Amino acid sequence: MSLPFELRALAAKRSDVLAAMERTFAEEIARVTTRLASIACARTGSVGFPQRFGSSLNVHVHFHTLAIDGVFEKTAMGVRFHDAPPPSKDDVSEVARRVRERALLWLRRRGYLDERAAEERSNETIEPSALDACTQLALAGGAHLARPFEHKDSPDAAFERRAHGAARDANGGCACFPRSPTQRWCAASSII
């Protein structure tokens with residue numbers, strides 16, 4: 001199951017949100033599978049795990065879930081497995097609809113949704129925390145960090161020119177013997 005873009009950052013930062021979304025999805029799959037099998041008091045199961053990144057190592061929270069395609073019935077002789085028929089498109093739509101409804105209800109109860117009208121919300125930019133800023137950078141793929149290519153001869157040559165020039169200027173033309181601690185400080189700080 002993939003989460004909506006707006007929910008990925010929250011799920012990436014908050015383990016309670018991540019766990020609730022996975023639990024809701026697993027419970028809805030189990031509910032439909034049990035109903036399709038039509039066996040009273042039967043149980044089913046699944047194993048799921050979250051993956052927090054996509055193929056390019058970007059933040060992309062989604063779940064991988066292995067669900068049993070049937071139910072287990074406890075009998076006097078032990079446990080018996082019953083296959084469930086494959087889900088129809090309507091069954092899949094029902095799971096998606098119910099997961100969405102339950103997720104919104106869970107998020108609303110815990111105060112994660114701001115349901116005020118857009119006019120009531122402030123237009124001021126909220127300063128993000130360091131974690132929020134890093135998450136937003138990861139979600140954006142770092143596209144806005146790219147810089148235009150500037151041709152330079154050699155980084156080492158440019159550094160040497162700055163270092164020798166700064167030392168020569170601060171030392172009155174002699175890079176070997178600084179005149180004072182202040183001149184040494186000036187020479188060192190201008191290199192950086």
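1. Let's start with how helix 1 passes helix 4: the crossing is right-handed. For handedness, picture the near helix turned from the far one by less than a right angle: anticlockwise is left-handed, clockwise is right-handed. The two axes cross at roughly 135° and come within 11 Å, with helix 4 covering residues 130–140. Axes here are lines fitted to C-alpha atoms, for helices over the stretch in contact, and angles between N-to-C directions run from 0 to 180 degrees. Helix 1 and helix 4 are therefore oblique to each other. The angle classes are under 35 degrees for roughly parallel, over 145 for roughly antiparallel, 65 to 115 for roughly perpendicular, and oblique for the rest.

2. Before going on, a word on what you're looking at. This is a predicted model, where local features need pLDDT of at least 70 and side-chain atom pairs count only at pLDDT 80 or more, while totals for chains, interfaces and linings use all residues. Residues are numbered from 1 along each chain as its sequence is written, and side-chain values use heavy atoms, with hydrogens and water left out.

3. Which residues of helix 1 and helix 4 meet? From helix 1 come F5, R8, A9 and K13, and from helix 4 come L131, D132, T135, Q136 and L139. Sorted by type, the residues of this contact are four nonpolar, two polar and three charged. In this sorting, Ala, Val, Leu, Ile, Met, Phe, Trp, Tyr, Cys and Pro count as nonpolar, Asp, Glu, Lys and Arg as charged, and the others, Gly among them, as polar. Contact means heavy atoms within 4.5 Å.

4. Now the other partner. Helix 1 (residues 5–13) packs with helix 2 (residues 15–37) at about 115°, and their axes are 5 Å apart. Here helix 1 uses L7, L10, A11 and K13, while helix 2 brings S15, V17, L18 and M21. That contact splits into six nonpolar residues, one polar and one charged.

5. Stepping back, the chain has six helices and four strands. Helices (H or I, at least four residues) and strands (E, at least two) are DSSP runs, numbered from the N terminus. In order from the N terminus, you'll see α-α-β-β-β-β-α-α-α-α. Of the contacts between residues at least 6 apart in sequence, 54% join residues at least 24 apart.

6. How much of the chain is buried? Buried residues are 24% of the 192 in the chain. The cut-offs are under 20% relative accessible area for buried and over 50% for exposed, with partly exposed in between (1.4 Å probe, protein chains only). Within helix 1, L7, R8, A9 and A11 are buried. The cover over the buried residues of helix 1 includes helix 2, strand 1 (46–53), strand 2, helix 3 and helix 4.

7. A nonpolar core is a set of buried Ala, Val, Leu, Ile, Met, Phe, Trp, Tyr and Cys residues joined through side-chain atoms within 4.5 Å. This one has 12 residues, including L3, L7, V17, F63 and W106. Helix 1, helix 2, strand 2 (59–67) and helix 3 (89–109) each give two or more residues to this core, and helix 2 gives the most, with four. Leaving out neighbours within four places in sequence, W106 is in contact with D16, V17, A20, M21, R23 and Y112. Another core, of 10 residues, lies apart from it, and among its members are A42, V71, V95 and V99.

8. S2 sits in the segment before helix 1 and is partly exposed, at 45% relative accessible area. Its C-alpha is 6.4 Å from that of F63, although S2 and F63 are 61 residues apart in sequence. R31, in helix 2, is also partly exposed, at 28%. R31 and V95 are 64 residues apart along the chain, with 8.9 Å between their C-alpha atoms. Not counting residues up to four places away in sequence, R31 touches E94 and R98.

9. Finally, some backbone angles to check. Most residues other than glycine have a negative phi. S38 is not a glycine, yet has a positive phi of about 55°. S38 lies in the loop between helix 2 and strand 1 and counts as exposed, at 59% relative accessibility. L57 has a positive phi as well, near 60°. You'll find L57 in the loop between strand 1 and strand 2, where L57 counts as exposed at 70% relative accessibility.
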